[in-house]
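Okay, thanks for making time, everyone.

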Amino acid sequence: MGNGIRPTNTSFTTFMKSISQSFVLDGTCAEEIIACITNLKNTSSSGIDGISTKFLKLAKGTIAPILAKLFNKSMENGEYPDCLKISQIVPVPKRPSPSIPSHYRPISILPTVFKNFEKIIYDRVSNFLNKNKLLTNFQYGFRNNASTELAVSTIYESFLENMVKGKTTCAVFLDLSKAFDTIDHKILLRELMYYGIRGKQNSFFESYLTNRKQCTKINIYSSSFQTIKCGVPQGSVMGPLLFLIYVNYLPCACSFQTTLFADDTSLHLSHKDIKMLQLNVQNELHKVDTWMRSNRLSIHHNKTADMILTATRSQNCNFEISMNGVRIQQTDSIKYLGVIIDNKLSWKPQISSLCRKLSQACGVVSKIRHFADINILRLIYFSLFHSHLQYCIIDWRRAYKIVMRPVQVLQNT
């Protein structure tokens with residue numbers, strides 16, 4: 001393919017054998033479209049077409065046969081309708097008094113009909129990838145039977161195992177800069193072809209990705225339309241799956257033990273000799289950096305960090321690694337997928353952070369407990385307290401009892 005490092009080792013040879021079958025985009029029917037519309041969330045908002053989900057549900061029996069013909073014609077011709085490729089960007093404030101553009105989160109709203117067509121396509125592509133086992137097992141994002149908790153457990157178990165064996169581990173947590181928005185369409189289409197989406201099916205996705213337009217809408221005012229030249233469609237059903245395909249080969253491009261949750265990337269290596277570990281990590285980071293640049297992905301160096309985990313108290317302060325000439329900052333703890341992992345696996349920073357959240361929840365309950373009935377209090381407990389308490393508890397509950405004591409006190413409160 002020529003769009004990344006593809007070493008000719010055993011794992012790659014095995015991987016190639018599983019992609020000889022070509023994907024076929026089968027047609028749809030009115031019944032499938034009705035099922036898709038029924039499963040849509042009830043919202044009154046609408047895209048550029050002005051059609052809301054509520055309206056679509058009311059008219060689903062009448063409109064479904066028409067949509068089935070339109071969708072089938074689109075798939076048969078290998079062309080995605082331009083009218084479904086127009087999105088409105090609504091800026092939502094991240095903080096109470098936003099003053100600069102970066103204080104807003106852009107929310108993309110696509111035509112409601114688009115979601116139904118995409119869901120049909122998504123199901124077919126996802127089933128094909130899963131049936132042929134084409135997605136890497138190191139990817140935990142946007143997949144069935146995978147989660148952030150499972151990703152964290154995988155990393156933690158590996159770190160713990162290395163400690164027991166007396167090995168030092170270097171973990172690198174990469175922060176990709178606007179990864180979903182910088183996807184190169186030509187590279188993605190080559191990847192799709194590599195994974196069996198060829199011929200007219202590939203042309204369909206080329207049409208799906210290109211000639212997309214968007215405008216920004218604030219209240220009743222809208223900007224002019226601009227063409228989107230890269231990235232997967234924001235707010236789309238297919239976008240996350242296409243991104244998984246795009247980064248699917250990263251674990252094979254290096255010797256790191258890799259854990260992915262969409263664009264959240266954790267890489268780690270271990271060795272008993274810390275000098276050899278530093279050399280190995282630097283060599284493998286060069287491969288990752290080359291792969292990233294080959295695939296037009298960029299690293300946010302200021303937010304990328306490495307952490308050294310060892311069973312002994314002594315740390316080598318001279319352990320330095322870099323990517324593309326930029327030194328990676330070293331840290332004693334890192335927040336990954338909402339959990340703080342420290343270099344001693346003590347869970348102290350995680351417990352401290354958790355206790356702050358639980359204390360706030362206890363404060364809320366304390367203030368309203370004399371004015372609300374038991375059902376309201378139970379709802380608040382599960383929303384503000386229990387949800388934080390349960391997240392990744394299978395890992396951090398292994399902390400020493402003395403570390404866990406503040407959590408127990410708050411739970412008893």
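This is a predicted model: local features need pLDDT of at least 70, side-chain atom pairs count only at pLDDT 80 or more; totals for chains, interfaces and linings use all residues.

Where does R105 sit? It's found in strand β2, which covers residues 104-109. And is R105 buried, partly exposed or exposed? Its relative accessibility is 43%, so R105 counts as partly exposed; the exposed class only begins over 50%.

R105 also gets us to the next residue, because R105 is one of the contacts of P91, with contact meaning heavy atoms within 4.5 Å. Leaving aside residues up to four places away in sequence, P91 touches Y104, R105 and P106, and also T216, K217 and I218. P91 itself belongs to strand β1, residues 86-93. With 26% relative accessibility, P91 counts as partly exposed.

Here's a bit of geometry on P91 that I liked. How far apart in space are P91 and P81? Going C-alpha to C-alpha, it's 26 Å, for two residues that are ten apart in sequence.

Now for a residue at the other end of the accessibility scale, N116. You'll find N116 in helix α5, which runs over residues 112-131. Its relative accessibility is 1%, and that's why N116 counts as buried; the cut-off for buried is under 20%. What does N116 touch, once residues up to four places away in sequence are set aside? The answer is I33, C36, I37 and L40, plus L56 and F71.

Okay, zooming out to the whole chain. We've got 14 helices and 14 strands. The C-alpha atoms fill a box of roughly 70 × 70 × 40 Å, taken along the principal axes. There are 413 residues, and 44% of them count as buried. As for the contacts, take those between residues at least 6 apart in sequence: 74% of them join residues at least 24 apart.

How many positive and negative side chains does the protein chain have? It's 49 positive and 28 negative, and the centres of the two sets lie 4 Å apart.

That's my tour, so over to you.

Technical notes. Residues are numbered from 1 along each chain as its sequence is written. Side-chain values use heavy atoms; hydrogens and water are left out. Helices (H or I, at least four residues) and strands (E, at least two) are DSSP runs, numbered from the N terminus. Buried means under 20% relative accessible area, exposed over 50%, partly exposed in between (1.4 Å probe, protein chains only). Lys and Arg count as positive and Asp and Glu as negative; His and the chain ends are not counted. The place of a charge is taken as NZ of Lys, CZ of Arg, CG of Asp or CD of Glu.
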